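Hi,

Here is the structure I promised to pass on.

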Amino acid sequence: MIRNPVAEFLARRPVMILDGALASELERRGADLRDMLWSAKLLLEQPSLIQAVHRDYFEAGADVAVTATYQASFEGFARRGIDAVSAARLMRDAVALAVAAREEFWRDERHRYDRLPPLIAASVGPYGAMLADGSEYRGHYGVSDDVLTAFHRPRLLLLADSGADLLACETIPSLREALVLARLLQERPGTAAWISFACRDAQHTCEGESISDCAAVLGEFAQVISMGVNCTPPRYVVPLLRQMRLRTNKPLLAYPQADASTFAEHGCAWYDAGARLIGGCCGTNPEDIRRLCKELRSCA
């Protein structure tokens, strides 16, 4: 039996607010992320700062914290001389940090007024994130489905058992990689996930497939409980969502990149285009999420 935390939430609220960027917010607070591990570097060096950012997003109004595992992988940690046992512990620690931030936030009764308990989404980044060369924005990795499956399986299964409420398969550049992830979910039948594409324009994934075709194909997988776009320029989001809406009835999500001070002003347009999970990606911060919550209260 698949527990669908998104459907449970949306049965009681019109929209679910996602958090904003983790890495750029950590950098804004003084963290040095010049490393192939990116934000996962701080799992080693400053885990308390990750927890603080999660808590600040909850206080800004976020209903979901996405964990610091986007860039974390067994291969990536191995390049830093970290063995598989330690890498697995660090990835579980990332989920534990988000859970601890939620528990700390929720203990304050003032935070429970007109709120539902926040969710934890364990981030599953693309193969290109491990390469640390921007490949997630191009796709066309030049590897087989077997290679992608072998890369994703151990981390996905670990995070499925980590205590997170769901998985966030995000910044996926191609339908092919999305299908690898959707099929791997079947190895943990009770696990739910969203799959979110990085897109190069108003119609296509970074690798060039039609976003409407992606929505239709992924709609056949019961464990994929939401789909949408992230790490994509805001100007493309509305047409992308409209095309996906034509091919699926599943809740759509949108958490694009920042575009200066106007980011939150797009919230109602994304909602009107079909998004029911809305937040921010690169360059956004807790204040953007606070403004987004205010904007969405006027239309959702």
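This is a predicted model: local features need pLDDT of at least 70, side-chain atom pairs count only at pLDDT 80 or more; totals for chains, interfaces and linings use all residues.

Residues are numbered from 1 along each chain as its sequence is written, and side-chain values use heavy atoms, with hydrogens and water left out.

**Cysteines**

Counting a disulfide as a pair of cysteine sulfur atoms within 2.5 Å, the model has one disulfide. Cys 268 is joined to Cys 299, with 2.1 Å from S to S. The torsion about their S-S bond is about -95°, so this disulfide is left-handed. The pair links distant parts of the chain, 31 residues apart: Cys 268 sits in helix H12 (residues 267-272), and Cys 299 in the segment after helix H13 (286-297). Helices here are DSSP runs (H or I, at least four residues), as are strands (E, at least two), numbered from the N terminus.

For accessibility, buried means under 20% relative accessible area, exposed means over 50%, and partly exposed is in between (1.4 Å probe, protein chains only). Cys 268 is buried at 12%, whereas Cys 299 is partly exposed at 26%.

Cys 206 has its closest cysteine sulfur in Cys 199, 6.5 Å away and too far for a bond. Cys 206 is buried, at 9%. Cys 281 is in no disulfide either; the nearest cysteine sulfur belongs to Cys 231, at 3.8 Å. Cys 281 is also buried, at 11%.

**A helix pair**

Helix H8 (residues 145-160) packs against helix H9 (residues 175-185) at an angle of about 45°, and their axes are 10 Å apart. Axes are lines fitted to C-alpha atoms, for helices over the stretch in contact, and angles run from 0 to 180 degrees between N-to-C directions. Residues in contact (heavy atoms within 4.5 Å) include Leu 148, His 152 and Leu 156 in H8, and Val 180, Leu 181 and Leu 184 in H9.

Most residues other than glycine have a negative phi. Thr 171 lies in strand E4 (residues 166-172) and is buried, at 2%.

Cheers
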